[in-house]
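Good morning, and thank you for coming. Please look at the sequence and the structure on the screen while I speak.

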Amino acid sequence: MVAGLVRRKEGHVLDKSFFTPESVAVVGASAEPGKLGNIVINNIIHYGYKGKVFPVNPSLTEVEGLKSYPGVTAIPDKVDMAVVVVPSRVVPGVMREMGEKGIKQAVIITAGFKETGLAGFKMENEVTEIARSYGIRFLGPNCFGFIDTSISLNATFASGMAKKGNISFLSQSGALAQAMLDWTQVNGVGFSKFVTLGNKADINESDLIESWKDDPSTSVVIAYLEGVVEGPRFRKAAIELTRTKPFILIKAGSTGAGSRAASSHTGTLAGFDAAYSAIFKQTGILRADSVEELIDFALAFADQPIIKGERIAIVTNAGGPGIMASDASEKAGLKLAQFTKDTVDKLRSSLPPTANIYNPVDVVGDAGADRYRVALDTVLKDPNVDGALVLLTPQASTEVKKTAEVVTGAAGSTGKPILTSFMGGPAVTGGIELLTENNIPNYPFPERAIESYRAMVRYRGWLEKKPEPVRKFKVDREKARAVLDQAIREKRRALSDLEASRIIGAYGIPLPAAKLARSAEEAAAFAGEIGFPVVMKIASPDILHKSDVGGVKVNITTPEAARNAYVEIVDSATRLMPEAQITGVDVQELIRGREVILGMNCDATFGPLLLFGLGGIYVEVLKDVTFRVAPITAADAGEMIREIRSYPLLTGVRGERPADIPAVIDALLRLSQLVTELKEITELDINPLMVREMGKGAVAIDCRMGIAVE
Ligand code: COA
């Protein structure tokens, strides 16, 4: 967090009526065509807003036929919202006047704040502080404004108006919003709310998704964000939203990666996107990689029922596109439905012998609308079909418009979604218009329709996932705290491996049996007590890389070997690091198993980011790892384990017994609790966690921990 940044108050929930003011003042309304203050007032007046509009301009008495006021305090009526289009230097004064007038909502379109440097940053803070002191909520500054189609209010300087619909859009980029608005004029996308956030000095993405969760005019939320400002709040709000409405998001840029230290494996492996990718998985947000995808998915969700399974039927009048769609389905993890015998019989008796009656159903190039009707009706009735994709290429005999009518007629009859891809140019335009008017999404190519189905299938999977509480273990928190506090007092950024092991041990993560030997004789005796074979390691607070000084010996099988190892380890370490203080040699149980890594690195936006992956010395080469933001549930931990490429190594290959995956889940959950409770820990690697056979547990062999000290 930047020092001095004014933060919003906790629990300061955005009023649901923010976007539906009954009266709007335009501060900086101008009579001069082309000026922003003129465009904004025109947009408010001319797209059908029924509320009162008050131009505010000290040098004019009338703007666009409306009486103008020298300041908001001069307006005799109640004013719900002010849209501010005056130069930045006067915005603090305007905000104060708004406070005096009792205006509680504002949109600051004006640029020239924190995006311009320190002076702008200070002014933004000043404006935000004034707003806070009067309880004013505001969008921006440096934003494009907003549109609410439910009251026909266009409070932007856009060159057009959004079509009415059930999609709500929030954008961190005003320019992108303008381009998108223009684009959606041609492809029929309708919006409920269309909001740009600008610098997010007050209202941010979390405010909007919290308030749209219960908004009856919003069925789908789409967004373009470069970064999230309140990670944990966003996470919670997104989960609540996606329980009832799909939330599709483009996340651009790399905000939030700045403060990540990278001295641990986890830090090195967590690229700038790791936390966001994890949050997408943990909140059910659907990621779009382009604006095209954002719109494609939004269209599918806006008007079609959510697909109940992953089995689709394809109806086409051309072989090639049918094959392309089948290939795309396979890649996307969808299934081509296997028709029932009734369906096959019906198709056989109704279609010409040249038709393909199996999926994809090819009604053949000379097909008119009737063939499409019989094919589509039949496959939609099949219980093995969850959704249909209708493909059409325009041959001379193709009845494009009539076929579009067939599709619109079939839509809604079975509760199954229908997507279309009428391919071509002018020959298919009429059909596409008809489809669009009837809310059937049409995609220029089959692959985009298939991707949209895939997004639907993923969302259905999320809806079916039962929300699960985070498990809380009984742990020895005081013990862990005491070890940590000692290091903090001594202002050490890294803990010794002994300290790190004590902390994870206090949280119940199993450690190998170990004893500190202070002589060769003790080493032999302890090895006997622990049970051969053992591992012996130099114990010294000054030696971090033990192997480099000959400080580690593995697989010691006899008392004699233990005695010799003790002498050799101490000799070698003393010779190579004479100044190091040596407390003895650790004699440890030798654990065999499959090596995995567990870790944590702090993400600046979302907090502790947990890592799981294939462990050992090649972890950074193989990069077979996955991430989630703590705290995680058992289901999250299970998913993490199944997600890595080498998961089959844990389930057992070539007759090998499976590894103890429940023990790994347990360790991940305990680690999640640990890093959530002990917030000073900034990075942590347990590498390897040695996973034994099923039922025999998992043991943390090595642990490194870094902490934040003042
Ligand atoms: N109260 C009301 N009106 C005031 C005022 C006040 N305290 N002080 C000045 N005004 C009036 C001016 O008289 C002027 O009216 P006029 O056209 O009748 O002369 C109007 O407000 C605008 O002021 P002006 O000095 O002409 O500024 P401008 O129009 O050149 O620029 C902005 C104002 C807001 C457009 C400009 O500062 C800006 O920020 N532009 C970028 C906006 C942007 O890109 N936002 C982000 C989009 S994503």
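Helices (H or I, at least four residues) and strands (E, at least two) are DSSP runs, numbered from the N terminus. By that definition, the protein has 23 helices and 29 strands. This is a predicted model, in which local features need pLDDT of at least 70 and side-chain atom pairs count only at pLDDT 80 or more, while totals for chains, interfaces and linings use all residues. Residues are numbered from 1 along each chain as its sequence is written, and side-chain values use heavy atoms, with hydrogens and water left out.

Let me begin with the overall picture. The C-alpha atoms fill a box of roughly 100 × 80 × 35 Å along the principal axes. A residue is called buried under 20% relative accessible area, exposed over 50%, and partly exposed in between (1.4 Å probe, protein chains only). Of the 710 residues, 55% count as buried.

I turn now to the ligand. A residue is near a molecule or strand if one of its heavy atoms lies within 4 Å of it. The ligand is surrounded by 22 residues, and the closest are Ser30, Lys35, Asn57, Ile109 and Ala111. An N or O atom in the side chain of Ser30 is 2.6 Å from an oxygen atom of the ligand. For Asn57, a polar side-chain atom lies 2.9 Å from a ligand oxygen atom. Ala111 places a backbone N or O atom 2.7 Å from an oxygen atom of the ligand.

Next, is Gln172 buried or exposed? Gln172 counts as buried because its relative accessibility is 18%. Its place is in the loop between β10 (163–171) and α4 (174–187). The side chain of Gln172 makes a polar contact with the side chain of Lys200, at 3.3 Å. A polar contact is a pair of N or O atoms within 3.5 Å; within protein, one must be able to donate a hydrogen and the other to accept it, and residues adjacent in sequence count only if both atoms are side-chain atoms.

Finally, some details of the backbone. The peptide bond from Phe532 to Pro533 is cis, with omega near -5°, and Pro533 is found in the loop between α18 (520–530) and β21 (534–539). Another cis peptide bond joins Asn687 and Pro688, with omega about 0°; Pro688 is found in strand β27 (residues 681–691). Ser152, although not a glycine, has a positive phi of about 55°. Ser152 counts as partly exposed, because its relative accessibility is 23%.
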